[in-house]
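Keep the structure open as you read.

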Amino acid sequence: MFILCMARGHQKIQSQQKNAKKQAEMKKAKGHDQKTAAKAALVFTCSVCRSQMPDPKTFKQHFESKHPKSPLPPELEGVEA
């Protein structure tokens, strides 16, 4: 009786390891999530409308076209659009 309980415990551990390996392979095969990557690329946020832009050039173009009466933020002073 004692041997069967030990065998089941060992089988349980093996099953958990096999499942963890299978889950890791599925995650690796899936690749990176495009939505998460796109969201991480949006690093500049407009202080007026809270829109997000990926780079300073786009941010400056947005600011000049959407908020022409507002003063230019200091982080956009040296950026060429």
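## Aromatic rings

First, a term: rings of Phe, Tyr and Trp (its six-membered ring) pair if their centres lie within 6.5 Å, and planes under 30 degrees apart count as stacked, over 60 as edge-to-face and the rest as tilted. With that in hand, Phe 44, Phe 59 and Phe 63 form one aromatic cluster. This is a predicted model, where local features need pLDDT of at least 70, side-chain atom pairs count only at pLDDT 80 or more, and totals for chains, interfaces and linings use all residues. Residues are numbered from 1 along each chain as its sequence is written, and side-chain values use heavy atoms, with hydrogens and water left out.

Searching the whole structure turns up 2 aromatic pairs. Phe 59 and Phe 63 make an edge-to-face one, with 6.2 Å centre to centre and 90° between the planes. Both of these residues sit in helix 3, 4 residues apart, or about one turn of the helix. Phe 59 and Phe 63 are both buried, meaning under 20% relative accessible area, while exposed is over 50% and partly exposed lies in between (1.4 Å probe, protein chains only).

Phe 44 belongs to strand 1 and is partly exposed, at 24% relative accessible area. Setting aside residues up to four places away in sequence, Phe 44 touches Ser 51, Gln 52, Met 53, Pro 54, Asp 55, Pro 56 and Phe 59; a contact here means heavy atoms within 4.5 Å. Phe 44 and Thr 58 are 14 residues apart in sequence, and their C-alpha atoms are 9.3 Å apart.

## The chain as a whole

How many helices and strands does the protein chain have? There are 3 helices and 2 strands, and their order along the sequence is α-α-β-β-α. Helices (H or I, at least four residues) and strands (E, at least two) are DSSP runs, numbered from the N terminus.

Of the chain's 81 residues, 12% count as buried. The chain exposes about 7,100 Å², and carbon and sulfur atoms supply 57% of that; accessible areas come from the Shrake-Rupley method with a 1.4 Å probe, and for residues only the protein chains shown count as cover. Among contacts with a separation of 6 or more, 2% are between residues 24 or more positions apart.

## The nonpolar core

In soluble globular proteins, nonpolar side chains tend to be buried together. In this model, the largest nonpolar core has 6 residues: Cys 46, Met 53, Phe 59, Phe 63, Leu 76 and Val 79. A nonpolar core is a set of buried Ala, Val, Leu, Ile, Met, Phe, Trp, Tyr and Cys residues joined through side-chain atoms within 4.5 Å.

The C-alpha atoms of Lys 57 and Glu 80 are 6.5 Å apart, across 23 residues of sequence.

## Cysteines and histidines

Which cysteine sulfur is closest to that of Cys 46? The one in Cys 49, at 3.6 Å, which is too far for a bond. The structure holds 0 disulfides, a disulfide being a pair of cysteine sulfur atoms within 2.5 Å. Cys 46 is buried at 0% relative accessible area, whereas Cys 49 is partly exposed at 34%. Arg 50 lies in the loop between strand 1 (44–45) and strand 2 (52–53). Arg 50 is exposed at 61% relative accessibility, and its phi is near 65°, a positive value in a residue other than glycine.

His 62, in helix 3, and His 67, in the segment after helix 3, have side chains joined by a polar contact of 3.3 Å. Such a contact is a pair of N or O atoms within 3.5 Å; within protein, one must be able to donate a hydrogen and the other to accept it, and residues adjacent in sequence count only if both atoms are side-chain atoms. His 62 is buried at 13% relative accessible area, and His 67 is buried at 12%. Leaving out residues up to four places away in sequence, His 67 touches Cys 46, Val 48, Cys 49 and His 62, while His 62 touches Cys 46, Cys 49, Ser 51, Met 53 and His 67.
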